[in-house]
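Work through the exercises below with the sequence and the model open. Each task is followed by a solution in steps.

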Amino acid sequence: MTLQADVEAGRGRFTLSARLTVEDGEVLAVLGPNGAGKSTLVRTLAGLLPLRAGRIALTGSAEGEEHVLDDPDAGVLVPVEQRGVGVVFQDHRLFPHLSVRDNVAYAGRVAGRGRTAARAEATGWLARLGLTDLADRRPAQLSGGQAQRVALARALASDPRLLLLDEPMAALDARTRIDVRAELKRHLAAYDGPVVLVTHDPVDALVLATRILVLEGGRVSQEGRPADVARRPATEYVARLVGLNLYPGTVLDAAARRILLDGGGSLEAAGSDAGDDGSGGVPVLRAGAPVLVAVAPSAVAVHPDRPGAGSPRNVWPATVAGLEQLADRVRVALDGAPAALADITPRALAELGLETGRQVWLSVKATEVVAYPAPAEGPAPGPGRGGPPGR
Amino acid sequence: MTRLAEQAGGIAEGNVPNAPRAARRGTGNRPLWPLAPFAAAGVALLALPVLGLVVRAPWLRMPELLRSEGAVEALRLSLVCSVSATVVSVVLGVPLAWVLARGRGAWVGLLRGVVTLPLVLPPVVGGIALLLTFGRNGLLGRWLYEATGYALPFTTAGVVVAETFVAMPFLVVTVESAFRSADAGLEEAAATLGASRLTALRTVTVPLLLPSLGAGVVLTWARALGEFGATITFAGNLPGTTQTLPLQVYGLLESGDLDGAVGMSLVLVVVALGVLLLLRDRWLRPGGIGGGLA
């Protein structure tokens, strides 16, 4: 089955407008901030919210095999219970009065199979997901991670043509999330239909998805393979998620590869990151062309004084605006033209004696500055401030 | 009953200086001495009258009292009417609770006010209101009487109406809170697994509702059984037709038959204890009644 959805939906004044295709075996992660329309998307696909316009259909491999789920123009709206769409809800929504086994057997029972047959089938799913020991427990006796697995088993046991996961990790604590994520990846790989995974956690998207679709303000702002999205964020939001400084700008001088940044300052980019985006040898940097420039915080060097004649092509003054301890580094937020995030070691922090308000110099090698064409559509990236500390 | 006694005893034990240390840790558990006499007086006020009734009961004459024609008749009538009122309350009250729990808008609040008014209204006022509405000259009763020659007051059906009026709000309030806690999300989950709305209601919502429905039924029945004010006002006190157990107790007392009144009262006490026993998990735990009603 292939999911083809052209979604126009909304609640109240909010409108979601998105187009997506998910093939068999693909995991599409829908990534976006709160209120971007992720839940609305899941609800339309599940049939819990009718479309205002557009079309949702599942097409099969056979010639002309197509199941239209929702098409307001044609007057088609398949109700939830007839869609064959499995959903793992954020809050799991296990039936509290049924044992784990009977939760998983529920779809079979509703489909008209006898108690014994449905339970036997459920037992198989429980074994596959490592839940055999929990079969007789009630949902209230499960940990968050276990409940999530039961919810997945219950959805898979309904033999869905499409699997939807709505923030499946959101209810879990950080430690559990790591284990569950690895397990979920395994189970999703074993499912051969299309999967749509909604999340606001970039790690979920990068680890679990074969493709990422970014929703912002009810619109698709970026779509691509995880590696591409991580390397070439199209918006401030994505850049912040993947931890890059992002600057929209205009090519000033194609030969010198100098880019004038919208928010002030300029940067020289050595690599135009043709990458494997298929653009071949076509030069990306044409004078006057709008581009995005990405710089990793680890590529930004911090100096107490103006560095002498060195190799870095980009040197500019800045003021320390904030410090944040990351796992093994310190992230320094810097105001300047352009503003930037820089990652330094705690030792460097001590030696430099950095504190808020301190004047410093920044340098970035041109080879670390990645420029790529700004997306033609979608919301414009934020003003030229390189992402301030993400949290 | 034993657990109730433990709770009552717990208050007194709090006075013992060397109570277990664990119970005294934290300000929340430390006994507040000046409150103890008031609490003890409260227990006495609630418990002593029942004790007095039991002590004064004509135990030797009980079999004879219970077998008397009047007693049997009143018992039978009480059972018929209270069970009927409970059935009517369930049939009308459960859908009403669903509307209150799932309805949206200002009118729901208004409706809830109307529905729960009988909870706080003196039953005798309810009886008068019923009379003015369903009486032979009442708002609806006149129309009914002219059309069919039938009038509700002073009939057994009238007793059922009066008891329903007073008792149904208990069912509605209990079941509504259960509908609220059985959130719509579970029905959605059931739908994604292939269940139609009716199947989801039957296999998910109703089973989750059953304990509350059971409690609501028992509570409603007990309230209907003990109903006095609205019944005597609306349906009168006719032996065999509208004289239920509480009305008979009152009648016996009026006519000077104290033994008879106490004997019949004992029957109602036993029923009350039975109700308490049935609802013990709901009520005889801290915060229980609030959880059941709110």
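**Exercise 1. Describe how α3(B) and α14(B) cross.**

Step 1. The axes of α3(B) and α14(B) come within 10 Å of each other and cross at roughly 125°. Axes here are lines fitted to C-alpha atoms, for helices over the stretch in contact, with angles running from 0 to 180 degrees between N-to-C directions. Helices (H or I, at least four residues) and strands (E, at least two) are DSSP runs numbered from the N terminus.

Step 2. α3(B) and α14(B) are therefore oblique to each other. The classes are: under 35 degrees roughly parallel, over 145 roughly antiparallel, 65 to 115 roughly perpendicular, and the rest oblique.

Step 3. The crossing of α3(B) past α14(B) is left-handed. Left-handed applies if the near helix is turned anticlockwise from the far one by less than a right angle, and right-handed if clockwise.

Step 4. On α3(B), V50(B), L53(B) and R56(B) meet V262(B), S265(B), L266(B) and V269(B) of α14(B). Two residues are in contact if their C-beta atoms, placed from the backbone, lie within 7 Å. By class, this contact has five nonpolar, one polar and one charged residues. Ala, Val, Leu, Ile, Met, Phe, Trp, Tyr, Cys and Pro count as nonpolar, Asp, Glu, Lys and Arg as charged, and the others, Gly among them, as polar.

A note on the model: it is predicted, local features need pLDDT of at least 70, side-chain atom pairs count only at pLDDT 80 or more, and totals for chains, interfaces and linings use all residues. Residues are numbered from 1 along each chain as its sequence is written, and chains are lettered from A and ligands numbered from 1 in the order in which they are written.

**Exercise 2. Check the span of α14(B) and find what covers its buried residues.**

Step 1. Helix α14(B), residues 258-278, has 21 residues and should span 30 Å at 1.5 Å a residue. The expected span is 1.5 Å times one less than the number of residues. The end C-alpha atoms are 30 Å apart, which agrees.

Step 2. The buried residues of α14(B) are G260(B), V262(B), G263(B), M264(B) and S265(B). A residue is buried if 20 or more other C-beta atoms lie within 10 Å of its own, exposed if 12 or fewer, and partly exposed in between, with C-beta atoms placed from the backbone.

Step 3. Their cover includes α3 (36-56), α4 (62-67), α5 (69-102) and α13 (245-254) of chain B.

Step 4. For the chain as a whole, the secondary structure of chain B comes to 16 helices and zero strands. Of its 294 residues, 31% count as buried.

**Exercise 3. Is G149(B) buried or exposed?**

Step 1. G149(B) lies in the loop between α8 (141-148) and α9 (156-181) of chain B.

Step 2. G149(B) has 7 other C-beta atoms within 10 Å, so it is exposed.

Step 3. R136(B) is 13 residues from G149(B) along the chain, and their C-alpha atoms are separated by 9.1 Å.

**Exercise 4. Which backbone angles in chain A stand out?**

Step 1. Most residues other than glycine have a negative phi, and most peptide bonds are trans.

Step 2. H92(A), in the loop between β7 and α2 of chain A, has a positive phi near 65°. With 22 other C-beta atoms within 10 Å, H92(A) is buried.

Step 3. R93(A) is found in the loop between β7 and α2 of chain A, and its phi is positive, about 55°. R93(A) counts as buried, with 23 C-beta neighbours inside 10 Å.

Step 4. A cis peptide bond joins A337(A) and P338(A), with omega about 0°.
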